[in-house]
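Hi,

Here is the structure I promised to send over. Have a look at it first, and then read on for what turned up when I went through it.

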Amino acid sequence: MARRTAAEGSEATLALRRRLRAPSARLTLGASAVVAAMLASIPLIYLLVRVAQADGAEIVDALWSGRIATLLVNTLGLVLAVSAACLVLGVAIAWVLARTDLRGRRVWLVVTSLSLAVPSYVAAFGWIATTEVRGFWGAFIVLTLCNVPLVTLPTIAALRLANSASEDVARTLGRTRRQAFMEATWPQIRPAALAGVLLVALYVLSDFGSVALMRYQAFTWAIQVAYESLFDRTLAAVMSVVLAVMGIALVVAERRLRGARARVGSTVAARSAPVPVQLGRWKWLAQGGLAVVAALSLGVPLGALAKYLLLRTDTSTTVRPGELLADALSTVGLAAAGAAVALALALPIGILAARFRSRVATATESASYLGLALPGIVVGLSLVFFSLNVAPMLYQSIWMLAFAYGVLFLPKAVGAVRSSIGQVEPGLEDAARTMGLSTARVWTRVTARIAWPGIGAGMLLVALTAMKELPATLLLRPTGTETLATSLWRLTSGTAYAAAAPYALVLIAVAAVPALLLTREVAGGKRQPEETL
């Protein structure tokens, strides 16, 4: 009886503390999330202002023109094709690397994931320099090869956490290996794989470099042309709004998938170690397939760059090591600053989404995804407009460029924070509060300590993507500041391919560092599926 009384007293005390602390903490968190979401919505506000200032007849003409319909079909076709190819190829690679006895699986994981370090415009340049592929198929090949790791990495983590016992039971009931996988394992890894596909779709939706080089008429290419060549801001704004609506549709799909993710959580938690599948004579086919993927995703662009590097015959293409080093340091510093801004914006939004179900949480998280669905030039122009009219002191400063990176790649940071915080057992936080710890100390001593590895992986992905960003960097970088991406674009635009080759190689080498750290997280098998993204 005494124990029961003590337990009841402890529960009453805990409930009282929750009532006293939760409202104020939740109010502060909600207010912070709303502010972060409003900052992330600056590009959309800019577009709405542009559209509102335009003539209604011009808007109607732009929306109902055959041009918009063509761009819509082209963009949707590319998004669907690349997403489907990445899903099939990414899941196949993940299964081979996580569930078979293939030798050197960690090496193959690194080799097949390093395409994350290759900017899409560099890969497109490599294919243009060595093949005759152009148009839709050129953009499809380049974007697929560059984005497959976004599906492979979370799927590998999900396979290592999945319960293989149900697949073994299906095999004993007469199912083939493929049938057993689709019926028992696929439902467990589907949320992680499709979450990666959504990131792929958003990337393809906003990509400019590869579609421009391949001369494929997608929305991003048309928006860039409208802004730079035609000076038709109304048409560009209308097309950008259509692109934003497509991005919001993808966000809605992601939210539905998150419900499926919650339903499979218990199955994933109660896992048994799978027995590696013996490939036997198929191991040569598996190794050959992985080698082909590596050769196409890494060999083609690196081979083209090496070719132009060896063709440097005149002094006009001589690379100055000091300038190359300065650009590399600028690239790393700006990417790190962008990751820090993304983390600051993502923390309140991600924590609110992970701990509370409310309209505020839903709205703020949805707003955070808008940046990734918009072309970099739209985000860049919106921040130029914002800085000139609201914060002139920030115009053409490194802080505004870092903020642009934070807005563009905020979804990656929000996803990492949300999934990592969601893995922290709330009971641990409650226990810490019963010991008299403040909310801040509970965060630093319990929540952040447990969640940081997953959040750190998300920041690595933000920094990796920021290193390769081009359109917003061209618009917002301070005068006299160059990054590897802007120097590369400047030289290739002037057809100085031999001089551009060293910059591209250094950019790939620098971006390979966070890519390697991401593969290390997955290879360790300690992170949850979504934490790597």
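**Aromatic rings**

Phe136, Trp137, Phe140 and Tyr216 come together as one aromatic cluster. Before I go further, please keep in mind that this is a predicted model, not an experimental one. Across the structure there are nine aromatic pairs. One of them is Trp137 with Phe140, an edge-to-face pair with 5.7 Å from centre to centre and 90 degrees between the planes. Both of these residues belong to helix H7 (residues 135-147), and they are three residues apart, about one turn of the helix. As a reminder, an α-helix has 3.6 residues a turn, so residues three or four places apart point the same way.

Phe208 is in the loop between helix H10 (177-206) and helix H11 (209-213), and Trp489 is in helix H25 (residues 484-493), so the pair ties together parts of the chain that are 281 residues apart in sequence. Both Phe208 and Trp489 are buried.

There is also a charge over a ring: the charged end of Lys307 sits over the ring of Tyr308, 5.8 Å from the ring centre.

**The chain as a whole**

If you zoom out, you will see helices: the chain has 26 of them and zero strands. It is 533 residues in length, and 53% of those count as buried. Of the contacts with a separation of 6 or more, 83% are between residues 24 or more positions apart. The accessible surface is about 23,500 Å², with 65% of that belonging to carbon and sulfur atoms.

**Salt bridges**

How many salt bridges does a search of the whole structure find? It finds two. In general, side chains of opposite charge can pair when their charged atoms come close.

Glu365 pairs with Arg418, and their closest N and O atoms are 2.6 Å apart. This pair links distant parts of the chain, since Glu365 is in helix H17 (residues 359-368) and Arg418 is in helix H21 (residues 410-422), 53 residues apart. Glu365 is buried, with 2% relative accessible area, and Arg418 counts as buried too, at 10%.

The other bridge joins the side chains of Arg477 and Glu482, at 3.6 Å from N to O.

**Thr483**

Thr483 is in the loop between helix H24 (471-476) and H25. At 4% relative accessibility, Thr483 counts as buried. What does Thr483 touch, leaving aside its neighbours within four places in sequence? Its contacts are Asp327, Ser330, Thr331, Leu334 and Thr473. Glu323 is 160 residues from Thr483 in sequence, yet the two C-alpha atoms are 9.9 Å apart.

**On the surface**

Val34, Met38 and Val360 make up a nonpolar patch on the surface, and together they have about 250 Å² of accessible area. Met38 is part of helix H1 (residues 2-40) and counts as exposed, at 54% relative accessibility.

**Two backbone angles**

Arg215 has a phi near 55 degrees. This residue is in the loop between H11 and helix H12 (219-230), and Arg215 is exposed, with a relative accessible area of 63%.

Gln396 has a phi of about 50 degrees, positive although it is not a glycine. Gln396 lies in the loop between helix H19 (376-389) and H20. With 31% relative accessibility, Gln396 counts as partly exposed.

Cheers

Technical notes: Residues numbered from 1 in each chain as written. Predicted model: local features only at pLDDT ≥ 70, side-chain atom pairs only at ≥ 80, totals over all residues. Heavy atoms only, no water. Helix = DSSP H or I, 4+ residues; strand = E, 2+ residues; numbered from the N terminus. Buried < 20%, exposed > 50% of the residue type's maximum accessible area, 1.4 Å probe, protein only. Contact = heavy atoms within 4.5 Å. Areas by Shrake-Rupley, 256 points an atom, 1.4 Å probe, with all protein chains shown as cover. Phe/Tyr/Trp six-rings, centres within 6.5 Å; stacked < 30°, edge-to-face > 60°. Lys NZ or Arg CZ within 6 Å of the ring centre and 35° of its normal. Patch = residues over 30% accessible without salt bridge, like charges linked within 9 Å, V, L, I, M, F, W, Y side chains within 5 Å. Salt bridge = Lys/Arg side-chain N within 4 Å of Asp/Glu carboxyl O.
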